[in-house]
Amino acid sequence: MVLKVPLHDLLIELGGDMGEFAGFKTAMSFGDPINEHLAVRREAGLFDISHMGRIYLSGGDVYKLLDTLIPKDLSKSSDNKMFGPTAFLNERGGFRDDVMLYRFKEDHWLIVCNAVNREKIFLWLRDWRERLGFSNVDIKDLTLEKPMLAFQGPKAGDYIEKIKGLKDATYLEPLTFLRDVETEFGRIDIISRSGWTGEDGFEIIGEPDVLAKIMRYFKGQGIRLAGLIARDTLRLEMGYVLYGNDIDENINPLEARYWVFDEKKSGCVGCDALREIGKKGVEKIRYGIRMKKGVKMIPRHGYEIIYQGEVVGYVTSGGYSPTLERGIGMGYIRSSHALPGLDIEIRYRDRVAEAKILDFPLIKR
């Protein structure tokens, strides 16, 4: 069953080109993905990211539950700060999901997870609650009740401070947040400062009517609304992973070079397996790919990475970079050939195009 994001009808009204992503009907663009992308890089853009899972945990045993399931040292967390990115791992050290945690108090947390894993993670948390006998843990999925916006770009703070009640948010340090903030449009539950585009930015969670007013306000201020196509190209330029493409249950954080764990932590699900993987080393490593200037090919999921006629890897994600004006992507490359700067070729069926292995980000910051 395909679900609608809470602000679905508003997105259509504001010009959204609707499509399906991870089981949700949401805005893929607002008519111009390239300029939506560039607006975020140069000024600011507003996304509805309500498809992402929002799972609330509360109760006296929450900290112990999360400490068992998170491979990062939870003792480094503190109230009103985000903790992550981190992950839930399976017993083999593969990704169940990569997540961001919001710590309200030691016994009250919010998990933001990938849309495709929302139900899986919700049920997995309940299962581990029962297995561990942590009866004092309440788990609620509020994804369909509380929409979430992301306002990203170098000038995002300039616009946020114009909203009455949100000036304090512009003083937030990265990965911190405010709760229960009264604004001219009504109360919002959370405003945090982070982002998944490589730019400064804020995330806002609250009631649908309040966030609808905020979205209309930004639209009226001339802010460009942006969809998931631009969000994908923005994350590609930075080298951020997409679950199901770049990471999954069969990929571990060492292969992905995704530092969602603390090497010294033990006793958590997947931690011991990850330590053993680290001792043996990995056979493939995730790196970036940049096509040669002028090459028309866009690297796509499943394309082969070739070095001197031999297959040495495969592409997991790719797209057109509006910043670099060429195709970019990422993939897994045999450890022996995971060398930034190495000239390679990308092959799909009978087509071959020149490219280069690079580290992230793929654009200059």
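How many nonpolar, polar and charged residues are in the lining of the second largest pocket? By class, that lining has twelve nonpolar, four polar and six charged residues. The model is predicted.

**Largest pocket**

- The largest pocket has a volume of about 770 Å³.
- It is lined by 38 residues, and Met52, Asn114, Trp196, Arg231 and Leu242 are the closest to its centre.
- Sorted by class, the lining of the largest pocket holds 23 nonpolar, nine polar and six charged residues.
- Helix α7 (228–238) is among the elements that supply at least two lining residues each.
- α7 gives the largest share of this lining, with five residues.
- The strands that each supply at least two residues of the lining include β6 (81–89), β7 (95–105) and β8 (108–113).
- β10 (148–152) and β17 (310–321) also each supply at least two.

**Second largest pocket**

- The volume of the second largest pocket is about 360 Å³.
- Its lining counts 22 residues, of which Pro85, Trp196, Met238, Tyr240 and Tyr258 are the closest to the centre.

**Cysteines**

- The structure holds one disulfide.
- That disulfide joins Cys268 to Cys271, with an S to S distance of 1.6 Å.
- Both partners, Cys268 and Cys271, are buried.
- The cut-off for a disulfide is a pair of cysteine sulfur atoms within 2.5 Å.
- Is Cys113 buried or exposed? Cys113 counts as buried because its relative accessibility is 1%, and buried means under 20%.

**Thr170**

- Thr170 sits in the loop between α5 (156–160) and β11 (177–183).
- Thr170 counts as buried because its relative accessibility is 15%.
- With neighbours within four places in sequence left aside, Thr170 is in contact with Gly157, Ile160, Glu161, Arg193 and Phe202.

Key. Residues are numbered from 1 along each chain as its sequence is written. This is a predicted model: local features need pLDDT of at least 70, side-chain atom pairs count only at pLDDT 80 or more; totals for chains, interfaces and linings use all residues. Side-chain values use heavy atoms; hydrogens and water are left out. Buried means under 20% relative accessible area, exposed over 50%, partly exposed in between (1.4 Å probe, protein chains only). Helices (H or I, at least four residues) and strands (E, at least two) are DSSP runs, numbered from the N terminus. Contact means heavy atoms within 4.5 Å. On a 1 Å grid over the protein atoms alone, a cavity is a set of points where a 1.4 Å probe fits but cannot get out, and a pocket is an open set with protein on both sides within 12 Å along at least five of seven lines; lining residues have an atom within 4 Å of a point. Grid points are joined across faces, edges and corners, and a volume is the space filled by probe spheres set on the points. Ala, Val, Leu, Ile, Met, Phe, Trp, Tyr, Cys and Pro count as nonpolar, Asp, Glu, Lys and Arg as charged, and the others, Gly among them, as polar.
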